[in-house]
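Visitor: Please walk me through the surface charges and the aromatic contacts here.

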Amino acid sequence: MAIEHPVAAKTGDQTRIHNIGYRNYDGPRLGRSYATRSLYSQSLRGAYGLGRSVKSKVLPMLLFVVMCVPAAIMVAVAVATKAKDLPVDYTRYAIIMQAVISLYVASQAPQSVSRDLRFKTVPLYFSRPIETADYVRAKFAALASALFILTAAPLLVLYVGALLAKLDFADQTKGFAQGLVSVTLLSLLFAGIGLVIASVTPRRGFGIAAVIAVMTISYGAVSTLQAIADAQSINGGGGSGAIAWIGLFSPVTLIDGVQSAFLGATSAFPGGVGPSNGEGAVYVLVSLGLIAACYGLLMRRYKKVGL
């Protein structure tokens with residue numbers, strides 16, 4: 001509240017001294033948990049451009065529509081033709097649409113963290129009750145939640161459509177539940193990788209390019225090596241045993257291996273043969289280890305930034 005104290009001055013002189021005073025805040029102090037929830041909510045909304053300019057909404061909303069439209073078309077075909085099953089399994093949908101998911105991660109992971117680095121607002125967060133772990137958890141959870149919405153929404157469209165087409169309720173519910181488990185793991189893994197890469201640079205463009213490169217190159221390289229190993233096995237070279245182990249080196253094939261081993265999914269590996277249960281256990285451990293490693297790397301990164 002500003003209080004003006006006029007000072008004696010010569011006639012015609014308008015000089016004044018402004019004594020700027022501030023009132024103490026007497027309201028409730030909501031603490032770390034409230035600040036963390038607010039940061040999570042703001043980051044989740046920002047992942048879809050909510051509360052931001054129209055330009056910021058275009059890409060995430062477009063990608064969301066692109067994810068859901070094929071599911072709606074499949075449902076329409078199933079209802080019109082009175083099919084006995086959906087053309088695509090729930091667990092296969094995210095693997096088929098992995099390019100769209102990767103593009104979403106590449107666009108939104110830098111948006112979530114790069115601006116804070118570029119404008120040096122991270123130390124301001126840590127000057128309040130919020131701590132490094134709170135910031136990392138909020139950002140990680142927000143991007144993972146945004147990815148879950150992106151990947152689970154088309155599965156819900158498929159499930160509702162299957163029920164409208166009067167397909168078997170028990171089979172569809174089981175498949176839908178398996179699909180949700182798969183996209184939950186995918187959301188956590190992709191969010192962790194995307195945030196780690198984006199947190200390295202304050203430049204959003206570099207972050208987008210780096211995430212796309214990691215997702216695309218790793219999947220392309222693994223798919224190529226698996227195809228070579230499959231060709232060698234067909235020619236008697238004994239490369240079939242290497243196909244499952246090569247799949248450990250790409251986020252997409254990791255998810256594919258987990259769901260084909262334990263969720264009854266058809267594998268996209270060459271020959272359609274996924275890892276065995278024993279190999280699938282390794283896939284699960286590697287996936288969970290990567291998620292934990294991403295969280296740990298983010299903690300180390302932001303401890304340094306907040307100093």
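**Charges and rings**

Visitor: Which residues form a negative surface patch?
Guide: This is a predicted model, where local features need pLDDT of at least 70, side-chain atom pairs count only at pLDDT 80 or more, and totals for chains, interfaces and linings use all residues. Numbering starts from 1 along each chain as its sequence is written, and side-chain values use heavy atoms, without hydrogens and water. Patch residues have over 30% relative accessible area and no salt bridge, with like charges joined within 9 Å. The negative patch is formed by Asp85, Asp89, Asp168 and Asp171.

Visitor: Is aspartate 89 buried or exposed, or partly exposed?
Guide: Aspartate 89 lies in the loop between H2 and helix H3 (90–96). Buried means under 20% relative accessible area, exposed over 50%, partly exposed in between (1.4 Å probe, protein chains only). At 35%, aspartate 89 is partly exposed.

Visitor: What kind of aromatic pair do tyrosine 48 and tyrosine 104 form?
Guide: Five aromatic pairs occur in the structure. Ring centres of a pair lie within 6.5 Å; planes under 30 degrees apart count as stacked, over 60 as edge-to-face, the rest as tilted. With 5.6 Å centre to centre and 40° between the planes, tyrosine 48 and tyrosine 104 are tilted.

Visitor: How many residues apart in sequence are the parts tied together by tyrosine 90 and phenylalanine 176?
Guide: Tyrosine 90 and phenylalanine 176 pair edge-to-face, at 6.1 Å and 65°. Both tyrosine 90 and phenylalanine 176 are buried. Tyrosine 90 sits in helix H3 and phenylalanine 176 in helix H7 (residues 169–198), so the pair ties together parts 86 residues apart.

Methods
Patches are made of residues with over 30% relative accessible area and no salt bridge: like charges are joined within 9 Å, nonpolar side chains (Val, Leu, Ile, Met, Phe, Trp, Tyr) within 5 Å. Accessible areas come from the Shrake-Rupley method with a 1.4 Å probe; for residues, only the protein chains shown count as cover. A salt bridge is a side-chain nitrogen of Lys or Arg within 4 Å of a carboxyl oxygen of Asp or Glu. Lys and Arg count as positive and Asp and Glu as negative; His and the chain ends are not counted. The place of a charge is taken as NZ of Lys, CZ of Arg, CG of Asp or CD of Glu. Helices (H or I, at least four residues) and strands (E, at least two) are DSSP runs, numbered from the N terminus. Rings of Phe, Tyr and Trp (its six-membered ring) pair if their centres lie within 6.5 Å; planes under 30 degrees apart count as stacked, over 60 as edge-to-face and the rest as tilted.
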